[in-house]
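Biologist: I would like a close look at a single part of this assembly, taken slowly and with the cut-offs spelled out.

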Amino acid sequence: MEQSGLMEDASQVPAPRRVGLFVTCLVDLYRPSTGFAAVRLLETAGCEVEVPPGQTCCGQPAFNNGDSATARAIARSIVERFEGFDHVVAPSGSCAGMLRRHLPELFADDAPWRERAERLAARVHELTSFLVDVCGSAAVERLRGAAPPRGVRTATYHDSCSGLRELGVREQPRHLLAAVDGLDLVEMRDAEVCCGFGGTFCVKYPGISGRMVSEKVENIASAGADAVLAGDVGCLLNIAGRLGREGRPVRVFHVAEVLAGMAERGIGEPASGAAGTGAVAGSSRG
Amino acid sequence: MLPDGGATAAHSFAERPACRPVEGFLGEGMAMTTGSGGAPSGARARVLDAVRAAVRREPAEAEAEAAARREEIEARIAAHEVHVRPSVEGDLAMRFAEKVTLVSASFAPVPGIDGVSRAVANYLEEHGLEKEIVVTTDPLVERVRWSNEFAVARRAAEPEDRVSVTGAYAGIAETGTVVFVSDRTTPTTLNFLPETHVAVLARDRLVAHLEDVWARLREERAAPPRTVNFITGPSRTGDIELQLELGAHGPRRLHVLLVDA
Amino acid sequence: MIPESHRFPDRAGLALADEGLRLALDRARQGFIGNRRKAVDALPEFQELREAARRVKNHTLANLDLYLERFESQATAAGGQVHWAADAAEARARILAICREAGARTVTKGKSMVGEEVGLNEALEEADLEVVETDLGEYIIQLAGETPSHIVAPAIHKTREQIRDLFAEHHAPLGLGAPGLGNAELVARAREVLRREFLRADVGITGANFLIAESGSTVIVTNEGNGDLSNTLPRVHVVIAGIEKVLPGFEDLSTVLRLLARSATGQEMSVYTTVSTGPRRGEDLDGPEEFHVVLVDNGRSAMLGGEFREMLRCIRCGACLNHCPVYHAVGGHAYGWVYTGPMGSVLTPLIVGLDKAHHLPNACTLNGRCEQVCPMSIPLPTMLRKLRTRGFERGFGTRTSRMGLAAWGFLARRPAVYGSATRVAMGILGWLGRRRGAFRRLPLAGGWTGVRDLPAPEGETFQRAWRRRGARR
């Protein structure tokens with residue numbers, strides 16, 4: 001497992017880093033707020049951010065379901081779109097894990113593409129890990145002092161599996177959240193256990209997925225936090241959906257939204273002004 | 001065999017004429033026979049051919065290359081190379097006593113062989129057990145002079161036996177493990193059938209690590225005994241609702257006497 | 001046992017509805033995970049040991065032909081008899097022949113996963129041999145006519161009440177009444193009954209955790225001592241082992257032993273680690289007169305030659321299933337065969353055929369916890385993914401899921417179509433969901449909304465909003 005270089009100061013008079021934001025399909029389709037929050041965080045940390053056009057998906061559904069040909073086709077277009085950047089950052093451990101760990105595997109028999117994929121993969125980062133491990137402590141310092149979402153005093157963090165186990169993302173988001181004014185982080189039991197999303201798993205085996213997310217939601221509720229945060233919209237949709245089904249008044253945000261002070265409408269909350277407080281949001285789910 | 005453990009391999013072997021030597025246990029050269037004990041050769045050839053096809057470095061591995069691989073593995077086995085080991089620091093007896101207690105066995109140091117009879121009597125009295133014991137006839141336990149309160153039998157275990165007292169081959173400080181080997185003086189059943197097992201371990205047979213036991217066995221015996229038992233605490237099971245219960249099939253109690261022999 | 005793995009979804013559904021099972025699995029999870037954690041934390045060298053064990057096993061597998069030959073010649077020199085079986089049927093036939101030659105009527109068995117794999121008990125019973133499982137967990141499920149639900153604790157799904165009733169029913173013919181409900185009473189009863197079986201058995205069959213090429217020895221690791229009674233008391237001792245069980249020498253064994261018990265139960269060493277070499281020696285006072293080892297291939301050489309070689313490093317500790325959230329949800333029986341959890345989801349398709357078990361590699365979130373705790377560093381998620389690739393190539397999976405994937409793949413490769421299609425779809429969904437913020441049900445989304453709401457999207461896609469705000473910076 002990778003170690004986070006929390007104490008390392010990697011910011012020796014930095015030239016602005018050119019970062020390509022890999023939006024991820026779930027952020028693109030479901031949660032644009034996360035994307036804008038990621039951009040704000042990266043810019044505050046001193047990066048120059050671009051969003052290359054024509055982005056779709058990291059190819060993980062195809063890859064994980066055994067359709068290598070499709071995954072490869074998608075991978076080629078990702079390499080072409082992103083290889084010009086110093087860094088590629090995704091607000092998702094899962095998609096960053098796909099690009100960083102698995103992209104080169106797809107070109108086992110294709111040396112030129114494999115090399116290109118490897119060069120790209122080495123520069124792909126999950127958002128919080130990029131901010132802490134690559135941008136360094138001076139940048140992290142600039143991110144201090146965001147205000148928590150209204151009505152949220154305590155939050156608990158769910159470790160998404162790919163981020164945690166493929167990329168070693170564990171301390172980084174917690175480290176960053178510690179700098180949010182007036183927000184206490186409480187640990188839930190089994191924070192590192194899968195929430196049952198698993199990409200297509202959650203619709204192929206809904207019964208099992210349902211049991212897993214029920215347990216996750218139980219642990220979240222027992223932690224007594226006002227909000228649950230994570231680094232992956234997939235997990236968050238799953239968790240928010242189950243919290244809503246059980247009528248539990250816990251709010252759900254991507255960690256980037258909270259760090260950027262841009263958390264307003266939680267995932268699964270109504271769009272209107274009615275979504276003011278956690279209590280209202282919770283009762284509106286019923 | 002045990003306390004005067006300096007016996008050479010040859011000596012040890014000469015004592016047990018019925019036992020055939022197992023070539024190569026000492027890491028010496030050995031013949032690679034191809035015969036097999038009574039299996040229909042068809043299955044053997046099919047399995048081995050499939051395995052060979054799977055591991056060949058080249059599609060058609062030349063005999064010379066196979067021979068090179070063979071030399072490589074023989075050299076590897078002969079080297080007895082030790083991999084990483086947990087650190088075992090400080091006094092071996094202290095560490096052993098601590099570990100053996102942690103695995104629900106009990107432990108008592110005995111200053112000399114003359115104290116063993118009394119120590120066993122104390123233990124049996126403490127647990128309300130009759131002083132009817134079956135003992136091994138290895139040189140260490142043979143030196144014990146049992147007081148006449150004991151009824152002592154010297155044989156393999158029988159179903160009604162309640163208490164055995166057996167000589168240990170070694171003790172491992174790393175894990176609190178007691179090691180027993182089978183031979184004409186130390187039947188294996190005594191380690192398993194009675195409910196209460198008292199092990200007599202000479203202090204100079206304490207070693208730090210598991211690997212040290214193999215080294216001693218190679219040094220002291222031409223071939224491994226039929227059975228080597230590494231016993232770490234009394235028998236137990238967690239098979240009913242995962243609750244630990246001692247005395248599943250083997251002894252319910254294991255008591256280790258560490259003797260300055 | 002006939003594989004039922006193709007019925008995984010139905011079996012999983014039954015398991016999910018079983019409240020007693022849920023309680024048992026919760027208890028198991030807490031116990032196994034916590035105990036392993038403590039044991040691993042207490043050993044600073046654990047990662048180094050893992051690395052060493054991986055190297056040892058890789059080396060052995062790369063030379064498996066030679067190590068098997070060496071094991072055979074050493075075991076034979078020690079007076080043992082080595083037999084080979086290419087498949088399950090040969091293994092059953094071979095062991096049956098040994099029992100017949102020995103004139104056996106009763107057989108005691110120590111726990112053996114490969115024995116379960118080849119269906120040994122059924123074969124022996126069909127031949128009118130009386131077979132008694134002696135591991136307490138195996139004994140309980142044998143009385144219940146079930147199969148193991150956990151590799152280390154086979155009867156983990158049974159409550160003490162169920163066990164008491166089984167004992168009462170099956171021990172009545174022995175003139176024994178119902179035992180009490182206490183753990184100690186149940187264990188004492190099993191000890192008493194099984195002790196009689198050990199003493200009258202003609203043949204003892206055990207598995208092997210390891211085979212040692214250096215000396216031709218077999219190694220079993222247990223906590224109860226049942227394996228030792230099985231290999232010491234009967235006149236004939238038969239060991240059944242997969243060909244991948246070989247290790248070069250005792251130093252290698254020492255390394256792997258340090259990982260095995262810690263990973264399985266959180267012990268530093270299991271209570272009994274026993275090394276057997278040949279039959280009893282001339283002047284020995286006990287021990288079997290015959291010692292047989294049956295080496296079983298049954299699909300292993302095929303794994304060795306292909307992309308699943310690393311699976312042969314498995315030492316059957318159960319850590320992967322103890323840490324698997326899917327296993328926690330459904331338990332062992334849902335997997336429909338002998339091997340369960342992540343290791344079972346790799347082994348079952350490879351041994352019984354992917355067509356009969358294609359659900360297993362798919363019923364996994366690829367969360368990676370199994371690989372993280374595997375003492376032999378087997379890349380289980382990677383192997384599961386490889387099996388999915390094979391399954392995809394062979395057209396397994398439901399029509400709906402294949403079509404859904406194909407549609408997504410189509411869009412993902414065509415950014416322009418993706419852009420306009422998603423813009424419209426998200427616009428509609430966002431508008432429909434703006435009041436409640438989530439959908440309780442939605443056409444074609446039953447897999448999702450059966451167990452949870454579907455949060456509504458915000459409406460506009462990020463890429464669209466980003467371009468619209470083009471002059472933002």
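How much area do chain B and chain C bury between them, and what share of it is on carbon and sulfur atoms?

Modeller: This is a predicted model, in which local features need pLDDT of at least 70 and side-chain atom pairs count only at pLDDT 80 or more, while totals for chains, interfaces and linings use all residues. Residues are numbered from 1 along each chain as its sequence is written, chains are lettered from A and ligands numbered from 1 in the order in which they are written, and side-chain values use heavy atoms, with hydrogens and water left out.

Chain B and chain C bury about 8,500 Å² between them, 56% of it on carbon and sulfur atoms; buried area is the accessible area (1.4 Å probe) that two parts lose on being put together, summed over both. To this contact (heavy atoms within 4.5 Å) chain B gives 98 residues and chain C gives 109 residues.

Between the two chains there are 14 salt bridges, each a side-chain nitrogen of Lys or Arg within 4 Å of a carboxyl oxygen of Asp or Glu, and E74(B) and R70(C) form a salt bridge through their side chains at 2.8 Å, N to O. On the side of chain B that touches chain C, the elements giving two or more residues include helix 2 (41–55), helix 3 (63–79) and strand 9 (227–231) of chain B, where helices (H or I, at least four residues) and strands (E, at least two) are DSSP runs, numbered from the N terminus. Helix 2 of chain B provides the largest share of that side, 10 residues.
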